[in-house]
Amino acid sequence: MEKRTPIAVDQAVERVIQCRVTGETEYIDIQLANGRILAEDLIADHDVPAFNRSPYDGYAVRAKDTLGASVNTVITLNIVGHIGAGSVFDKEIKRMEAVRIMTGAEIPNGADAVIMLEDTNTNDDNTVQISQEMNFHQNISFQGEDVEKGSVLVSKGTKINPGIIALLATFGYQKVPVSKRPVFGVIATGSELLEIHQPLEKGKIRNSNAYMIIAQIERAGGKAKYFGQLSDDLDKSIKKIGEILNEVDFLITTGGVSVGDFDLLPEIYHHFGAEVLFNKVAMRPGSVTTVAQLDGKLLFGLSGNPSACYVGFELFAKPIIDSYLQKQMIGLKRAHAVLAVDFPKSNPFDRFIRGHVNNVNHQLEVKPSGKDKSNMVHSLANVNCFIHLLGGTEGYKKGSIVDILLLD
Ligand SMILES: Nc1nc2c(c(=O)[nH]1)N[C@H]1C(S)=C(S)[C@@H](COP(=O)(O)OP(=O)(O)OC[C@H]3O[C@@H](n4cnc5c(N)ncnc54)[C@H](O)[C@@H]3O)O[C@H]1N2
Ligand code: MOO
Ligand SMILES: [Mg+2]
């Protein structure tokens, strides 16, 4: 039986990232861009606002015409125009003139302040009474005060959110440059697997991993293509995988990577002459996780055990999606949290415990999300982080500060 040498988790992640598979840019409709990764810097090609405009409904005036105005000394101005947002007053306002102006409309030439409607009295004879002095430039939204032409507003590699959509629309991006999503083929292996519509049979289980992985791929920003199940038959598996490899950027299999008699993945990698980057990682769960490289494509052999499969995806496949999308941040975000329960198991290897983190009294508190065995599925439902406990320790006490990796 083949003897495998475990490598450290960081080293394994590094080997995957070193493959530096990066994707291309595609242009998509702005209405589909939320959540995608911006592929070019967003640079302002004009000022915002692009013209001086009124922040209020009121009158555009010349501040010096209001000099000396007070409740006792009311000043009367002639109304020479009336504009709403989108309209312009194309003359210039002169001495003792005002233009009735609505929020968002361009400040007329000659005007240098806006007085709010509530602070005026409009007469029937097209005049307006003003009983307060206005300052030069009072109540004006200036050209470029929001965004100056030429500034970098959002950097390449940022995940697009609704606020960024507002900026993209402001600058006329009907089509948005985004990183193409990598296509991951997904295959489940094992003669014990039933598809989800099938009734249970003796000795068999339903294939849950494939659907879990598809959801993980999508959460991470990739595209999944499901190719169904392979039974433990070497020739058929080789043929199928050979066909699939032409259609995808990456391949994920689940199951069949350990040392069992029907664990065929090692032989399949060998058949294709794939370079195995590692086939044992010093971690629990997912120690059997294998990653191989073939013609610039990465093949992820995730464990069949559901929790080990989940963890293997997040630790090794998610970073390559980030890197393919040219995201600024690669891999899961780290934080510190207080361990809310004792964790007495000793750790020869690093552990990535499915955890649930909460904000309790302004402090992050974490506990296992359920039973901590790699062949279990229930604890995955409530997982929003991994608790990373270092190898070589004798367990952890409640109250210890631990590292967590955030999933959402
Ligand atoms: N002698 C040894 N046995 C095992 C070792 C070892 O080092 N020496 N490692 C154990 C560890 S750790 C893990 S993890 C598993 C890994 O097994 P495989 O990746 O080879 O996966 P399978 O043997 O195909 O299946 C394991 C387990 O998972 C269930 N399974 C498989 N596919 C699915 C699926 N799509 N959905 C849900 N559940 C699935 C399968 O029925 C098995 O129960 O090996 C240990 N053994
Ligand atoms: O790869 Mo296994 O977890 O370590 O169950
Ligand atoms: Mg096995």
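**Helix packing, domains and backbone features of a predicted model**

The axes of helix α1 (residues 9-17) and helix α6 come within 9 Å of each other and cross at roughly 35°, where axes are lines fitted to C-alpha atoms, for helices over the stretch in contact, and angles run from 0 to 180 degrees between N-to-C directions. Helices (H or I, at least four residues) and strands (E, at least two) are DSSP runs, numbered from the N terminus. This is a predicted model, in which local features need pLDDT of at least 70 and side-chain atom pairs count only at pLDDT 80 or more, while totals for chains, interfaces and linings use all residues. Residues are numbered from 1 along each chain as its sequence is written, and chains are lettered from A and ligands numbered from 1 in the order in which they are written.

**Confidence and domains**

- The protein averages a pLDDT of 95, and 100% of the residues score at least 70; pLDDT is the predictor's confidence in each residue, from 0 to 100.
- For the model, the ipTM score is 0.98 and the pTM score is 0.90.
- The domain assignment gives domain 1 (9-24 + 180-324), domain 2 (26-46 + 149-179), domain 3 (58-130) and domain 4 (333-406), with bounds that come from an automatic or database domain assignment.
- Taken over C-alpha atoms, the centres of domain 2 and domain 3 are separated by 39 Å.

- The crossing of α1 with α6 is right-handed; a crossing is left-handed if the near helix is turned anticlockwise from the far one by less than a right angle, and right-handed if clockwise.
- In this contact, Val9, Ala12, Val13, Val16 and Ile17 of α1 meet Leu315, Phe316, Pro319, Ile320 and Ser323 of α6, two residues being in contact if their C-beta atoms, placed from the backbone, lie within 7 Å.
- By class, the contact of α1 with α6 has 9 nonpolar, 1 polar and no charged residues, where Ala, Val, Leu, Ile, Met, Phe, Trp, Tyr, Cys and Pro count as nonpolar, Asp, Glu, Lys and Arg as charged, and the others, Gly among them, as polar.
- Helix α3 (residues 209-220) and helix α6 (residues 306-324) have axes that come within 10 Å and cross at roughly 30°, and α3 and α6 are therefore roughly parallel to each other; angles under 35 degrees count as roughly parallel, over 145 as roughly antiparallel, 65 to 115 as roughly perpendicular and the rest as oblique.
- The crossing of α3 and α6 is right-handed, and the contact is made by Asn209, Met212, Ile213, Gln216 and Ala220 of α3 together with Pro306, Cys309, Tyr310, Phe313, Glu314, Lys318 and Ile321 of α6.
- The contact of α3 with α6 comprises 8 nonpolar, 2 polar and 2 charged residues.

**Helices α4 and α5**

- Helix α4 (residues 234-245) packs with helix α5 (residues 265-272) at an angle of about 55°, their axes being 10 Å apart, which makes α4 oblique to α5.
- α4 and α5 form a right-handed crossing, in which Leu234, Ser237, Ile238 and Ile241 of α4 meet Glu267, Ile268 and His271 of α5.
- The residues of the contact of α4 with α5 divide into 4 nonpolar, 2 polar and 1 charged.

**Backbone features in loops**

- Valine 48 and proline 49 are joined by a cis peptide bond with omega about -10°, and proline 49 lies in the loop between β2 (42-43) and β3 (58-61).
- The peptide bond from arginine 284 to proline 285 is cis, with omega near -10°, and proline 285 is placed in the loop between β17 (283-284) and β18 (290-294).
- Asparagine 126, although not a glycine, has a positive phi of about 65°, and asparagine 126 is found in the loop between β7 (120-122) and β8 (127-130).
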